[in-house]
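Let's take a walk through this structure together. Have a look at the picture first, and then we'll go from the whole chain down to one residue and its surroundings.

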Amino acid sequence: MPISACFSDGASGSLNVHHGSCTSKDGAFSFANTVPGVFENAKNADGFVEITPLKPSHRVRIQANICEDCRTIVFDY
């Protein structure tokens, strides 16, 4: 199922879209094209995008929507 069918306003394609939160115990969310090694700085990874700033020893939460049909999570940052 295309993402647009699940998450568009007034979508009737999926009844399994829920609003909630994504959480992280290590204090940050980020995205990159590759997963950095244990001893590499994630900010140097190809395609790195900081979604939330690092807050050591803090939990981080971002609002998100999940479609259980297409197994996709969508959030704004």
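What percentage of the 77 residues in the protein is buried? Buried residues make up 19%. Keep in mind that you're looking at a predicted model.

Now for the overall layout. The protein has 1 helix and 5 strands, and starting from the N terminus the order is α-β-β-β-β-β. Take the contacts between residues at least 6 apart in sequence: 58% of them join residues at least 24 apart.

Next, let's head inside. The largest nonpolar core is made up of 6 residues: Cys 22, Phe 29, Ile 51, Val 60, Ile 62 and Ala 64. Strand S4 (residues 60-67) supplies the largest share of this core, with 3 residues. Pick out Ile 62 from that group: leaving aside neighbours within four places in sequence, Ile 62 is in contact with Gly 20, Ser 21, Cys 22, Phe 29, Ile 51, Thr 52 and Phe 75.

One of those contacts, Thr 52, deserves a stop of its own. You'll find Thr 52 in strand S3, which covers residues 49-52. Is Thr 52 buried or exposed? Its relative accessible area is 11%, under the 20% cut-off, so Thr 52 counts as buried. Not counting residues up to four places away in sequence, Thr 52 touches Ala 28, Phe 29, Val 60 and Ile 62.

Note on methods
Residues numbered from 1 in each chain as written. Predicted model: local features only at pLDDT ≥ 70, side-chain atom pairs only at ≥ 80, totals over all residues. Heavy atoms only, no water. Helix = DSSP H or I, 4+ residues; strand = E, 2+ residues; numbered from the N terminus. Buried < 20%, exposed > 50% of the residue type's maximum accessible area, 1.4 Å probe, protein only. Contact = heavy atoms within 4.5 Å. Core = buried A, V, L, I, M, F, W, Y, C linked by side-chain atoms within 4.5 Å.
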